[in-house]
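Trainee: I have just opened this entry and would like to go through it with you. Could we begin with the charged side chains and then move on to the interior?

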Amino acid sequence: MWDFMIEKVKIEIYKKEKRPTSQISCFYDVVHRILVARWAKNNTRLHCLDHSLHPRYYSDAWLPEDSTRCAPHRDGEISQEMMKCFRMFFPNDDEYSKVFDEYAMFSMKSGPFEDLTSISKMATMEPKNWWVNFGAQTPFLQTLAFRLLGQPSSSSCVERNWSTYAFIHSLKRNKLTTSRA
(Lines give C-alpha, C1' and ligand atoms only; values in the text may rest on other atoms or scores of the structure.)
Protein backbone atom coordinates (compact mmCIF):
# COMPACT_ATOMS: atom_id res chain seq x y z
CA MET A 1 0.00 0.00 0.00
CA TRP A 2 2.89 2.35 0.71
CA ASP A 3 4.37 1.74 -2.73
CA PHE A 4 1.00 2.50 -4.30
CA MET A 5 0.63 5.67 -2.22
CA ILE A 6 4.16 6.86 -3.10
CA GLU A 7 3.40 6.30 -6.78
CA LYS A 8 0.21 8.38 -6.49
CA VAL A 9 2.15 11.17 -4.75
CA LYS A 10 4.73 11.09 -7.55
CA ILE A 11 2.03 11.39 -10.22
CA GLU A 12 0.42 14.34 -8.43
CA ILE A 13 3.72 16.18 -7.95
CA TYR A 14 4.76 15.70 -11.56
CA LYS A 15 1.30 16.76 -12.75
CA LYS A 16 1.51 19.93 -10.64
CA GLU A 17 5.02 20.66 -11.94
CA LYS A 18 3.85 19.95 -15.52
CA ARG A 19 6.79 17.69 -16.34
CA PRO A 20 7.08 14.10 -17.55
CA THR A 21 7.89 11.45 -14.96
CA SER A 22 11.10 10.63 -16.83
CA GLN A 23 12.62 13.95 -15.70
CA ILE A 24 14.09 14.56 -12.26
CA SER A 25 12.09 16.55 -9.73
CA CYS A 26 14.00 17.91 -6.73
CA PHE A 27 10.76 18.39 -4.82
CA TYR A 28 9.66 14.81 -5.43
CA ASP A 29 13.07 13.52 -4.35
CA VAL A 30 12.70 15.29 -0.99
CA VAL A 31 9.13 14.04 -0.53
CA HIS A 32 10.16 10.51 -1.54
CA ARG A 33 12.98 10.48 1.03
CA ILE A 34 10.56 11.62 3.75
CA LEU A 35 7.98 8.96 2.83
CA VAL A 36 10.58 6.18 2.67
CA ALA A 37 12.04 7.26 6.03
CA ARG A 38 8.56 7.22 7.56
CA TRP A 39 7.95 3.75 6.14
CA ALA A 40 11.27 2.50 7.49
CA LYS A 41 10.43 3.89 10.91
CA ASN A 42 6.96 2.32 10.98
CA ASN A 43 7.87 -0.98 9.35
CA THR A 44 8.85 -3.02 12.39
CA ARG A 45 8.66 -6.73 13.11
CA LEU A 46 5.72 -6.17 15.44
CA HIS A 47 3.83 -4.27 12.75
CA CYS A 48 4.41 -7.14 10.34
CA LEU A 49 3.24 -9.68 12.90
CA ASP A 50 0.21 -7.55 13.74
CA HIS A 51 -0.62 -7.29 10.03
CA SER A 52 -0.18 -11.06 9.67
CA LEU A 53 -2.65 -11.79 12.49
CA HIS A 54 -5.38 -9.39 11.30
CA PRO A 55 -8.16 -11.56 9.82
CA ARG A 56 -9.35 -8.82 7.46
CA TYR A 57 -6.24 -9.08 5.32
CA TYR A 58 -7.09 -12.71 4.48
CA SER A 59 -10.76 -12.12 3.70
CA ASP A 60 -12.26 -12.79 0.31
CA ALA A 61 -13.99 -9.41 0.52
CA TRP A 62 -10.85 -7.31 1.12
CA LEU A 63 -8.34 -8.99 -1.21
CA PRO A 64 -10.16 -8.48 -4.55
CA GLU A 65 -10.82 -4.76 -3.91
CA ASP A 66 -7.41 -3.96 -5.41
CA SER A 67 -5.44 -6.17 -7.78
CA THR A 68 -2.15 -5.30 -6.04
CA ARG A 69 -3.30 -6.67 -2.67
CA CYS A 70 -2.09 -10.00 -1.40
CA ALA A 71 -2.58 -11.87 1.83
CA PRO A 72 0.25 -11.35 4.36
CA HIS A 73 1.48 -14.95 4.05
CA ARG A 74 2.15 -14.29 0.36
CA ASP A 75 4.30 -11.21 1.03
CA GLY A 76 7.96 -12.14 1.46
CA GLU A 77 8.99 -9.14 3.55
CA ILE A 78 6.06 -9.47 5.97
CA SER A 79 6.52 -13.25 6.27
CA GLN A 80 10.23 -12.94 7.00
CA GLU A 81 9.70 -10.35 9.76
CA MET A 82 6.77 -12.34 11.16
CA MET A 83 8.98 -15.45 11.47
CA LYS A 84 11.62 -13.45 13.35
CA CYS A 85 8.90 -12.24 15.72
CA PHE A 86 7.64 -15.78 16.25
CA ARG A 87 11.17 -16.84 17.19
CA MET A 88 11.43 -13.91 19.61
CA PHE A 89 8.10 -14.71 21.33
CA PHE A 90 8.52 -18.49 21.25
CA PRO A 91 12.16 -19.42 21.92
CA ASN A 92 11.13 -22.97 22.87
CA ASP A 93 11.33 -25.17 19.74
CA ASP A 94 8.11 -27.07 20.54
CA GLU A 95 6.08 -23.87 20.96
CA TYR A 96 7.73 -22.38 17.88
CA SER A 97 6.71 -25.41 15.83
CA LYS A 98 3.14 -25.32 17.20
CA VAL A 99 2.70 -21.62 16.45
CA PHE A 100 3.87 -22.25 12.87
CA ASP A 101 1.29 -25.00 12.48
CA GLU A 102 -1.40 -22.74 13.94
CA TYR A 103 -0.43 -19.90 11.61
CA ALA A 104 -0.54 -22.22 8.61
CA MET A 105 -4.10 -23.24 9.50
CA PHE A 106 -5.11 -19.60 10.02
CA SER A 107 -3.54 -18.24 6.83
CA MET A 108 -4.82 -21.10 4.65
CA LYS A 109 -8.29 -21.06 6.29
CA SER A 110 -8.08 -24.73 7.20
CA GLY A 111 -8.77 -26.77 10.33
CA PRO A 112 -10.71 -24.66 12.83
CA PHE A 113 -10.75 -21.71 10.41
CA GLU A 114 -12.45 -23.45 7.47
CA ASP A 115 -15.91 -22.82 8.91
CA LEU A 116 -17.95 -20.57 6.59
CA THR A 117 -18.93 -18.29 9.48
CA SER A 118 -15.28 -17.81 10.41
CA ILE A 119 -14.36 -16.98 6.82
CA SER A 120 -17.31 -14.63 6.22
CA LYS A 121 -16.69 -12.67 9.44
CA MET A 122 -13.00 -12.04 8.66
CA ALA A 123 -13.78 -8.82 6.78
CA THR A 124 -16.50 -7.40 9.02
CA MET A 125 -15.71 -8.33 12.60
CA GLU A 126 -13.32 -6.50 14.89
CA PRO A 127 -10.06 -8.51 14.87
CA LYS A 128 -9.91 -9.08 18.62
CA ASN A 129 -13.55 -10.23 18.68
CA TRP A 130 -12.88 -12.51 15.72
CA TRP A 131 -10.03 -14.19 17.61
CA VAL A 132 -12.26 -14.57 20.69
CA ASN A 133 -14.90 -16.35 18.63
CA PHE A 134 -12.80 -18.44 16.26
CA GLY A 135 -9.28 -18.79 17.69
CA ALA A 136 -9.85 -21.12 20.67
CA GLN A 137 -8.28 -24.14 18.95
CA THR A 138 -5.06 -22.20 18.27
CA PRO A 139 -4.05 -21.05 21.77
CA PHE A 140 -0.57 -19.72 20.93
CA LEU A 141 -1.80 -17.64 18.01
CA GLN A 142 -4.91 -16.48 19.87
CA THR A 143 -2.87 -15.27 22.85
CA LEU A 144 -0.46 -13.47 20.57
CA ALA A 145 -3.32 -11.88 18.62
CA PHE A 146 -4.89 -10.61 21.85
CA ARG A 147 -1.62 -9.02 22.89
CA LEU A 148 -0.95 -7.36 19.54
CA LEU A 149 -4.38 -6.47 18.21
CA GLY A 150 -5.47 -5.08 21.57
CA GLN A 151 -2.85 -2.32 21.44
CA PRO A 152 -4.23 1.15 20.76
CA SER A 153 -2.81 3.12 17.87
CA SER A 154 -0.34 5.79 18.80
CA SER A 155 -0.66 9.42 17.81
CA SER A 156 2.76 10.42 19.11
CA CYS A 157 4.05 11.40 15.66
CA VAL A 158 1.09 13.69 15.10
CA GLU A 159 1.39 15.17 18.59
CA ARG A 160 5.03 15.98 17.89
CA ASN A 161 4.10 17.76 14.65
CA TRP A 162 1.41 19.82 16.34
CA SER A 163 3.66 20.82 19.22
CA THR A 164 6.24 22.05 16.69
CA TYR A 165 3.50 23.91 14.85
CA ALA A 166 2.44 25.52 18.16
CA PHE A 167 5.85 27.19 18.38
CA ILE A 168 5.27 28.73 14.97
CA HIS A 169 1.61 29.70 15.24
CA SER A 170 -0.03 30.26 18.61
CA LEU A 171 -2.19 32.84 20.38
CA LYS A 172 0.97 34.69 21.39
CA ARG A 173 2.21 34.72 17.81
CA ASN A 174 -1.08 35.21 16.02
CA LYS A 175 0.19 37.83 13.59
CA LEU A 176 0.70 35.04 11.08
CA THR A 177 -2.29 34.59 8.86
CA THR A 178 -3.61 31.09 8.31
CA SER A 179 -2.34 30.91 4.74
CA ARG A 180 1.08 32.17 5.74
CA ALA A 181 1.35 29.75 8.67
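Trainee: Which residue forms a salt bridge with Arg-19?
Mentor: In this predicted model, Arg-19 pairs with Glu-17, and their closest N and O atoms are 3.2 Å apart.

Trainee: Are those two buried, exposed or partly exposed?
Mentor: Arg-19 is partly exposed, because its relative accessibility is 32%. Glu-17 also counts as partly exposed, at 29%.

Trainee: How many salt bridges does the structure hold?
Mentor: There are 7 salt bridges in the structure. One of them joins Asp-60 to Lys-109, with the closest N and O atoms 3.0 Å apart.

Trainee: Where in the chain do Asp-60 and Lys-109 sit?
Mentor: Asp-60 lies in the loop between helix H3 (45-52) and helix H4 (76-89), while Lys-109 lies in the loop between helix H5 (93-107) and helix H6 (116-121). The two are 49 residues apart, so this pair links distant parts of the chain. Lys-109 is buried, with a relative accessibility of 18%.

Trainee: And what does Glu-65 pair with?
Mentor: Glu-65 forms a salt bridge with Arg-69, and the closest N and O atoms are 2.9 Å apart. Glu-65 is exposed at 56% relative accessible area, whereas Arg-69 is partly exposed at 24%.

Trainee: Which residues are linked in a network of salt bridges?
Mentor: Arg-45, Glu-81 and Lys-84 are linked in this way.

Trainee: Changing topic: where is confidence lowest, and where is it highest?
Mentor: The lowest mean pLDDT, 62, belongs to helix H9 (residues 156-168), and the highest, 96, belongs to H5. The chain as a whole averages 86, with 83% of the residues scoring at least 70.

Trainee: Now the interior. Which residues of helix H7 are buried?
Mentor: In H7 (residues 127-134), the buried residues are Pro-127, Trp-130, Trp-131 and Phe-134. They lie on the same side of H7, because they cover an arc of only 95° around the axis. The elements covering them include H5, H6 and helix H8 (139-149).

Trainee: What does Trp-131 touch?
Mentor: Leaving out residues up to four places away in sequence, its contacts include Leu-53, Phe-106, Phe-113, Leu-141 and Phe-146.

Trainee: How many residues are in the largest nonpolar core?
Mentor: That core has 22 residues, and Trp-131 is among those that touch the most other members, as are Leu-49, Phe-86 and Phe-106. H4, H5, H7 and H8 each give two or more residues to this core. H8 supplies the largest share, 5 residues. Another core, of 6 residues, lies apart from it and includes Ile-6, Ile-13, Tyr-28 and Val-31.

Trainee: How many aromatic pairs does a search of the whole structure find?
Mentor: The search finds 15 aromatic pairs. Tyr-58 and Phe-106 form an edge-to-face pair, because their planes stand at 65°, with the ring centres 4.8 Å apart. Tyr-58 belongs to the loop between H3 and H4, and Phe-106 to helix H5, 48 residues apart.

Trainee: Are Tyr-58 and Phe-106 buried or exposed?
Mentor: Tyr-58 is buried, at 2% relative accessible area, and Phe-106 is buried, at 0%. Phe-86 and Phe-100 also form an edge-to-face pair, 5.7 Å centre to centre with 85° between the planes. Phe-86 is in helix H4 and Phe-100 in helix H5. Phe-86 is buried, at 0% relative accessibility, whereas Phe-100 is partly exposed, at 26%.

Trainee: Which residues do ring pairs link into a cluster?
Mentor: The cluster includes Tyr-58, Phe-86, Phe-100, Phe-106, Trp-130, Trp-131 and Phe-134.

Conventions:
Residues numbered from 1 in each chain as written. Predicted model: local features only at pLDDT ≥ 70, side-chain atom pairs only at ≥ 80, totals over all residues. Heavy atoms only, no water. Salt bridge = Lys/Arg side-chain N within 4 Å of Asp/Glu carboxyl O. Buried < 20%, exposed > 50% of the residue type's maximum accessible area, 1.4 Å probe, protein only. Helix = DSSP H or I, 4+ residues; strand = E, 2+ residues; numbered from the N terminus. pLDDT = per-residue confidence, 0-100. Arc of directions from axis to C-beta. Contact = heavy atoms within 4.5 Å. Core = buried A, V, L, I, M, F, W, Y, C linked by side-chain atoms within 4.5 Å. Phe/Tyr/Trp six-rings, centres within 6.5 Å; stacked < 30°, edge-to-face > 60°.
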